[in-house]
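Here are some notes for a colleague who has not looked at this structure before. They are set out as numbered points.

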Amino acid sequence: QSNPKAGRSTAEMFALNFYGDRFHFKTASSAQIQALAAHPGWGKEGTLLFARIALIGGTYREARDEFFTPVGRMSGIDLLAHTTEAELSGRGLRPLHSVRMILLNFLGGFSLVLVYHRFSLRIAFWTSLLLIPLVALLSSALAFSTLALWFNFVPVLLVVLISQLYGQAKQRWQQHLS
């Protein structure tokens with residue numbers, strides 16, 4: 001599958017992982033740049049533009065170039081700066097192959113089932129309450145190279161936990177009736 005607008009295949013695209021806060025990048029007005037350019041040696045070491053990537057864009061209201069992002073409203077040039085930094089630092093979130101996601105969810109769920117079959121109900125319950133966040137964080141790190149997306153793995157783990165608790169309760173109820 002290819003994306004003609006971006007000029008890359010879907011497998012190469014990644015979600016934007018915002019670099020720092022929304023005001024992380026240094027900005028300068030065109031008047032400031034013109035004033036700097038009037039001085040000799042304005043592009044030498046120690047100056048505003050030395051060894052940096054300069055993005056030229058406007059942030060004026062009439063441009064209607066403002067977008068809602070997870071960190072608040074952001075101008076298009078700021079989004080471009082975050083995208084550039086994510087590309088250069090390799091901090092973008094690459095899409096996950098569904099097979100890897102299924103495998104990580106399966107292994108997490110299987111680990112909970114194993115705990116409930118290996119230990120008593122009380123120990124298994126408290127162990128699972130500790131295990132769920134750890135498995136979710138580890139899965140997030142393995143899948144996305146970040147701990148921030150741990151919640152993607154919690155629903156499956158909670159369903160397995162509820163299933164195990166239901167199975168244990170049903171088994172105890174049947175033993176009580178016999």
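**Notes on the predicted model**

1. A nonpolar patch on the surface is formed by Leu103, Phe106, Leu107, Phe110 and Leu114, which together have about 510 Å² of accessible area. Patches are made of residues with over 30% relative accessible area and no salt bridge, like charges being joined within 9 Å and nonpolar side chains (Val, Leu, Ile, Met, Phe, Trp, Tyr) within 5 Å. Accessible areas come from the Shrake-Rupley method with a 1.4 Å probe, and for residues only the protein chains shown count as cover.

2. The basis is as follows. This is a predicted model, in which local features need pLDDT of at least 70 and side-chain atom pairs count only at pLDDT 80 or more, while totals for chains, interfaces and linings use all residues. Residues are numbered from 1 along each chain as its sequence is written, and side-chain values use heavy atoms, with hydrogens and water left out.

3. The protein chain has 5 helices and 4 strands, in the order β-β-α-β-β-α-α-α-α from the N terminus. Helices (H or I, at least four residues) and strands (E, at least two) are DSSP runs, numbered from the N terminus. Of the 178 residues in the protein chain, 22% are buried; buried means under 20% relative accessible area, exposed over 50%, and partly exposed in between (1.4 Å probe, protein chains only). The accessible surface of the protein chain is about 13,300 Å², and carbon and sulfur atoms account for 62% of this.

4. Phe106 and Phe110 both lie in helix 3, 4 residues apart, or about one turn of the helix. Rings of Phe, Tyr and Trp (its six-membered ring) pair if their centres lie within 6.5 Å; planes under 30 degrees apart count as stacked, over 60 as edge-to-face and the rest as tilted. By this rule there are 3 aromatic pairs. The ring centres of Phe106 and Phe110 are 6.1 Å apart with planes at 15°, so this pair is stacked. Phe106 is exposed, at 52% relative accessible area, whereas Phe110 is partly exposed, at 45%.

5. Another pair is Trp150 with Phe151: the centres are 5.5 Å apart and the planes at 85°, so the pair is edge-to-face. Trp150 counts as partly exposed because its relative accessibility is 38%.

6. Which residues touch the most other members of the largest nonpolar core? They are Leu112, Ile132, Ala136, Ala143, Phe153 and Leu157, in a core of 15 residues. Helix 3 (residues 98-118), helix 4 (121-144) and helix 5 (154-177) are the elements that give two or more residues to this core, and helix 4 has the largest share with 6 residues. A nonpolar core is a set of buried Ala, Val, Leu, Ile, Met, Phe, Trp, Tyr and Cys residues joined through side-chain atoms within 4.5 Å.

7. Contact means heavy atoms within 4.5 Å. Not counting residues up to four places away in sequence, Ala136 touches Trp150, Phe153, Val154 and Leu157. With neighbours within four places left aside, Gln168 is in contact with Tyr116 and Leu121. Gln168 lies in helix 5 and counts as buried because its relative accessibility is 15%.

8. The structure holds 1 salt bridge, defined as a side-chain nitrogen of Lys or Arg within 4 Å of a carboxyl oxygen of Asp or Glu. Glu66 and Arg73 form it, with the closest N and O atoms 2.7 Å apart. Glu66 is partly exposed at 42% relative accessibility, and Arg73 is partly exposed at 39%.
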